[in-house]
Amino acid sequence: MDIIGILGAGAMGSGIAQVVASAGHNVLVCDNHSIALSKAGKLILASLKIQVDKGKMTEADARTLYGRIKFTDHMSELGNCGMVIEAIVEEIEAKQIAFKSLEAIVNRDTILASNTSSLSISAIGAQLKHPERILGVHFFNPAPQMRLVEIIPGLQTDQSVIDRGKKLIDSWGKTTVLAKDTPGFIVNRVARPFYGEALRIFDEGIADEATIDWAMRDVCGFRMGPFELMDFIGNDINYAVTEVVFSNFFFDPRYKPSFTQKRLVEAHFFGRKSGRGFYDYREGAIMPEPVKDQALGREIATRILAMLINEASEALYLRIASREDIDLSMTQGVNYPKGLLAWADDLGIQTIVEKLDSLYVEYLEDRYRCSPLLRKMARSGKRFFD
Ligand SMILES: NC(=O)c1ccc[n+]([C@@H]2O[C@H](COP(=O)([O-])OP(=O)(O)OC[C@H]3O[C@@H](n4cnc5c(N)ncnc54)[C@H](O)[C@@H]3O)[C@@H](O)[C@H]2O)c1
């Protein structure tokens, strides 16, 4: 069985190391900060202890698994790895430099994989002598719990590298989907309206955060509402992703960030981790009560859902991924109660088109333009799945 190398021992690197070791591989985790390495070791041990305490794993198995993971601050030790997964800082130059150094060390057929969540795989691979070995493998946080991995070939990637990489990650018990090398890949693109449209409804004063969260949870069936989720992710992180997606899409108004969230970040109201965000988490603070008006709840839920379905349809129309992979990504990557394209079939595609068109007529903003695919399907009475 191949030795797998992990470059970068942060939140993602340590989680991926645990996934790979639990599949039986020996893992070599490399970081240029020795403190990060000891922190990663502690993180993995803590995560394994939870599994043992829950009775999901014996103590002996946890010890064996942990024994497969070695830590090093010398990149040169990654020479014998069959695949190296990079999970260092999200900066293109840092990643390009790291991959150039890696290429000089590893074997000719080693797969060089990046866990980037927003950078172009083709750009990361461009500096390599053999760019056909670059592959995007986007795990979700926390990697041991989240099933989904997006596989993103760069323009230069060889088909055999895609096949080998996918087969390997499938064998780790993950669900892999194939995505085109475009901003946000599948999940981080298709999920934008969950936050963006909720913020727009809030900004327009249609409803407050508690009511919008209630509508998305209780009327629509999502596990968390958009505002509690933004507070959970961290408004700083969520806002930064929105800004990157917006500029990477050449400022398409569909992805426009919100001043409301920007101000929260500027005030350091990051969410749960800072004690304040959209909600107040400080001791003694009282959570606002939603207005449980069913008609208002349905209005909010339909508007956000129509925008999400529009985004999923556009991703299919522009061949970012297959319809099956788009729906799998949203149910397994971000725990949506249903795939968005299957949801469109259930609600009726004509109904979604009418909702989007009514928003467009009201606002005359490009943000509300209906995906041509949805319109065509409504016209011909087709469904995404038969
Ligand atoms: N955190 C998430 O939710 C998440 C989810 C999916 C993907 N990602 C992506 O995964 C990558 C890592 O994210 P993270 O949250 O684990 O970051 P992190 O800051 O927790 O960890 C990054 C680690 O990389 C190390 N590092 C930096 N430069 C290095 C180098 N040149 N060589 C070796 N080690 C180096 C740092 O010391 C640090 O320990 C990023 O590309 C990020 O976009 C993050």
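**A buried aspartate and its surroundings**

Tutor: In this predicted model, D213 lies in helix 9, which runs over residues 209-219. D213 counts as buried because 25 other C-beta atoms lie within 10 Å, where the cut-off for a buried residue is 20 or more. Leaving out residues up to four places away in sequence, D213 touches G225, P226, F227, E228 and P290. P226 is 13 residues from D213 in sequence, and their C-alpha atoms are 6.0 Å apart.

The residues of helix 11 that are buried are N235, N238, Y239, V241, T242 and V245. These residues cover an arc of only 160° around the axis, so they sit on the same side of helix 11. As a rule, an α-helix has 3.6 residues a turn, so residues three or four places apart point the same way.

The length of helix 11 can be checked as well. Helix 11 has 14 residues, 235-248, and at 1.5 Å a residue these should span 20 Å; the end C-alpha atoms are 20 Å apart, so the two values agree. After helix 11 comes F250, with a positive phi near 55°.

As for the whole chain, there are 17 helices and eight strands. The radius of gyration is 22 Å, close to the 21 Å from the globule rule for 386 residues, so the chain is as compact as a globular protein of that length. Along the principal axes, the C-alpha atoms fill a box of roughly 60 × 55 × 40 Å. D213 is one of the buried residues, which make up 45% of the 386 residues. Among contacts with a separation of 6 or more, 69% are between residues 24 or more positions apart.

The ligand is a separate topic. There are 23 residues around the ligand, of which G8, G10, M12, A36 and N141 come nearest. Helix 1 (11-22) and helix 4 (92-105) are the elements that give two or more residues to this shell, and helix 1 gives the most, with three. By type, the shell residues divide into 12 nonpolar, nine polar and two charged.

Key: Residues numbered from 1 in each chain as written. Predicted model: local features only at pLDDT ≥ 70, side-chain atom pairs only at ≥ 80, totals over all residues. Helix = DSSP H or I, 4+ residues; strand = E, 2+ residues; numbered from the N terminus. Rg over C-alpha atoms; globule rule 2.2 N^0.38 Å. Buried ≥ 20, exposed ≤ 12 C-beta atoms within 10 Å, placed from the backbone. Contact = placed C-beta atoms within 7 Å. Near = placed C-beta within 6 Å. Nonpolar A, V, L, I, M, F, W, Y, C, P; charged D, E, K, R; others polar. Expected span 1.5 Å × (residues − 1). Arc of directions from axis to C-beta.
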